[in-house]
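Subject: Structure handover

Hi,

Here is the structure for your files. My notes follow below it.

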Amino acid sequence: DVCSSDLYVVIVHHWCKPDMVEQAIRRIDGNGEAMSRCPGFINRYRMEKPGEPLKISTVTVWADEAAEAAWQAKKKASAAEAGGTVVSPYERWVNEAFHVSSSHLPATVAAA
């Protein structure tokens with residue numbers, strides 16, 4: 001049920017290094033593709049802010065906080081397996097996470 005109050009939303013704002021925007025987009029989209037195969041993943045949006053070409057934001061929706069935590073553990077384990085140092089395409093990033101307390105969908109979606 002997409003109206004569930006268990007939904008967990010993670011918003012991340014990424015400020016890219018000027019010469020690494022394309023690498024940042026590939027990394028963000030690659031993570032989104034990997035997330036899409038994880039239990040509890042619902043959807044993800046990658047957004048670019050008009051007038052701020054170095055800022056990329058994502059909104060990711062999970063069935064619950066445990067699903068997102070499982071993704072983070074999987075991502076951390078994959079990074080440890082890969083070893084070595086990967087150059088980050090970001091100057092900085094800010095994560096925020098929220099529990100959904102209410103949602104509004106078109107009646108045709110809510111009824112499905």
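Which residue in β3 does Phe41 stand opposite? Phe41 faces Trp62. More on that strand pair below.

First, the ground rules. This is a predicted model, where local features need pLDDT of at least 70, side-chain atom pairs count only at pLDDT 80 or more, and totals for chains, interfaces and linings use all residues. Residues are numbered from 1 along each chain as its sequence is written, and side-chain values use heavy atoms, with hydrogens and water left out.

Overall layout

The protein has three helices and four strands. Helices (H or I, at least four residues) and strands (E, at least two) are DSSP runs, numbered from the N terminus. Their order from the N terminus is β-α-β-β-α-β-α. The C-alpha trace spans about 45 × 40 × 20 Å along its principal axes. Of the 112 residues, 29% count as buried. Buried means under 20% relative accessible area, exposed over 50%, and partly exposed in between (1.4 Å probe, protein chains only).

Contacts are heavy atoms within 4.5 Å. Take the contacts between residues at least 6 apart in sequence: 73% of them join residues at least 24 apart.

The accessible surface comes to about 7,400 Å². Carbon and sulfur atoms hold 57% of it. Areas come from the Shrake-Rupley method with a 1.4 Å probe; for residues, only the protein chains shown count as cover.

Sheet and helix

The four strands form an open antiparallel sheet, ordered β2-β3-β1-β4. Strands pair if DSSP finds at least two bridges between them. β2 (41-48) and β4 (90-99) are the edge strands, each pairing on one side only. The twist averages 15 degrees from one strand to the next. Seven bridges join β2 to β3 (residues 55-62), and the two run antiparallel.

Helix α1 (residues 21-35) lies across β1 (8-16), β2, β3 and β4. It runs at about 165 degrees to β2. Axes are lines fitted to C-alpha atoms, for helices over the stretch in contact, and angles run from 0 to 180 degrees between N-to-C directions.

Cores

A nonpolar core is a set of buried Ala, Val, Leu, Ile, Met, Phe, Trp, Tyr and Cys residues joined through side-chain atoms within 4.5 Å. The largest has ten residues: Tyr8, Val10, Val12, Ala34, Met35, Cys38, Phe41, Trp62, Ala67 and Trp71. β1 gives the most, with three. Another core lies apart from this one, with seven residues, including Cys16, Ala24, Ile25 and Ile28.

Ala67 touches Pro39, Gly40 and Trp62, leaving aside residues up to four places away in sequence.

Salt bridges

There are four salt bridges. The criterion is a side-chain nitrogen of Lys or Arg within 4 Å of a carboxyl oxygen of Asp or Glu.

Asp29 and Arg46 meet at 2.7 Å, N to O. Asp29 is in helix α1 and Arg46 in strand β2, so this pair ties together parts that are 17 residues apart in sequence. Both ends are partly exposed: Asp29 at 36% relative accessible area, Arg46 at 34%. A network of salt bridges links Asp29, Arg46 and Glu48.

Glu33 bridges to Arg37, with the closest N and O atoms 3.2 Å apart. Glu33 is partly exposed at 47%; Arg37 is exposed at 57%.

Glu52 bridges to Lys49, with the closest N and O atoms 3.3 Å apart. Glu52 is partly exposed at 30%, and Lys49 is partly exposed at 42%.

Best wishes
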